[in-house]
Amino acid sequence: LKEYLEDIEGDDDRKLERWFYTDWLEQREARRQRWASAKAQRGGQGSEAAETSGAAPADIEGEEERKEDAAAREDPRFLSFDNPVVVVGALLLAMAVVAASIRPA
């Protein structure tokens, strides 16, 4: 899945596929931003936090990575309009309501 998402991420010809995987692609981008900000914080504040807490820098970095990984593992919501199953279900329901309302009595 990771390789597939990498393939469709930058391909403008595969807009429908990107739409199907919007939540996953947004999740990947958010994860990249969290990693970049955490890496920047570790570069400047990691040594200060280690000195004040008495913990080894590797322990602090490992704990931060575990927290970031746990936050990044959250699955996208199923009942969103980015899910094609929900979109098709909503369209079918809308068509059924329209058909029932115009049906002669």
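Leu16, Trp19 and Phe20 together make a nonpolar surface patch of about 290 Å², where a patch is made of residues with over 30% relative accessible area and no salt bridge, like charges being joined within 9 Å and nonpolar side chains (Val, Leu, Ile, Met, Phe, Trp, Tyr) within 5 Å. The accessible areas come from the Shrake-Rupley method with a 1.4 Å probe, and for residues only the protein chains shown count as cover. The model is a predicted one, in which local features need pLDDT of at least 70 and side-chain atom pairs count only at pLDDT 80 or more, whereas totals for chains, interfaces and linings use all residues. Residues are numbered from 1 along each chain as its sequence is written, and side-chain values use heavy atoms, with hydrogens and water left out.

The secondary structure comprises five helices and zero strands, helices (H or I, at least four residues) and strands (E, at least two) being DSSP runs numbered from the N terminus. Read from the N terminus on, the elements follow the order α-α-α-α-α. Of the 105 residues of the protein, 17% count as buried; here buried means under 20% relative accessible area, exposed over 50%, and partly exposed in between, for a 1.4 Å probe and protein chains only.

Trp19 and Phe20 form a pair that is tilted, since their ring centres are 5.3 Å apart and their planes lie at 50°.

The search of the whole structure finds five salt bridges, each defined as a side-chain nitrogen of Lys or Arg within 4 Å of a carboxyl oxygen of Asp or Glu. In one of these, the side chains of Arg32 and Glu9 meet at 2.9 Å, N to O. Arg32 lies in helix α3 (residues 22-53) and Glu9 in helix α1 (residues 2-9), so that the pair ties together parts that are 23 residues apart in sequence. Both partners are partly exposed, Arg32 with a relative accessible area of 37% and Glu9 with one of 28%. A further salt bridge links Asp12 with Arg18, whose closest N and O atoms are 3.6 Å apart; Asp12 counts as exposed at 55% relative accessibility, whereas Arg18 is partly exposed at 22%. Glu17 and Arg14 also form a salt bridge, with 3.1 Å between the closest N and O atoms, and here Glu17 is partly exposed with a relative accessible area of 24%, as is Arg14 with 22%. Through salt bridges that share partners, Glu9, Arg28, Glu29 and Arg32 are joined into one network.

Helix α5 (residues 84-102) has 19 residues and reaches 27 Å from its first C-alpha to its last, which is close to the 27 Å expected at 1.5 Å a residue, the expected span being 1.5 Å times one less than the number of residues. The N-terminal end of α5 is capped by Asn83, a side-chain oxygen of which lies 3.0 Å from the backbone nitrogen of Val85.

Key. Phe/Tyr/Trp six-rings, centres within 6.5 Å; stacked < 30°, edge-to-face > 60°. Polar contact = N/O pair within 3.5 Å; in protein donor to acceptor, adjacent residues only side chain to side chain.
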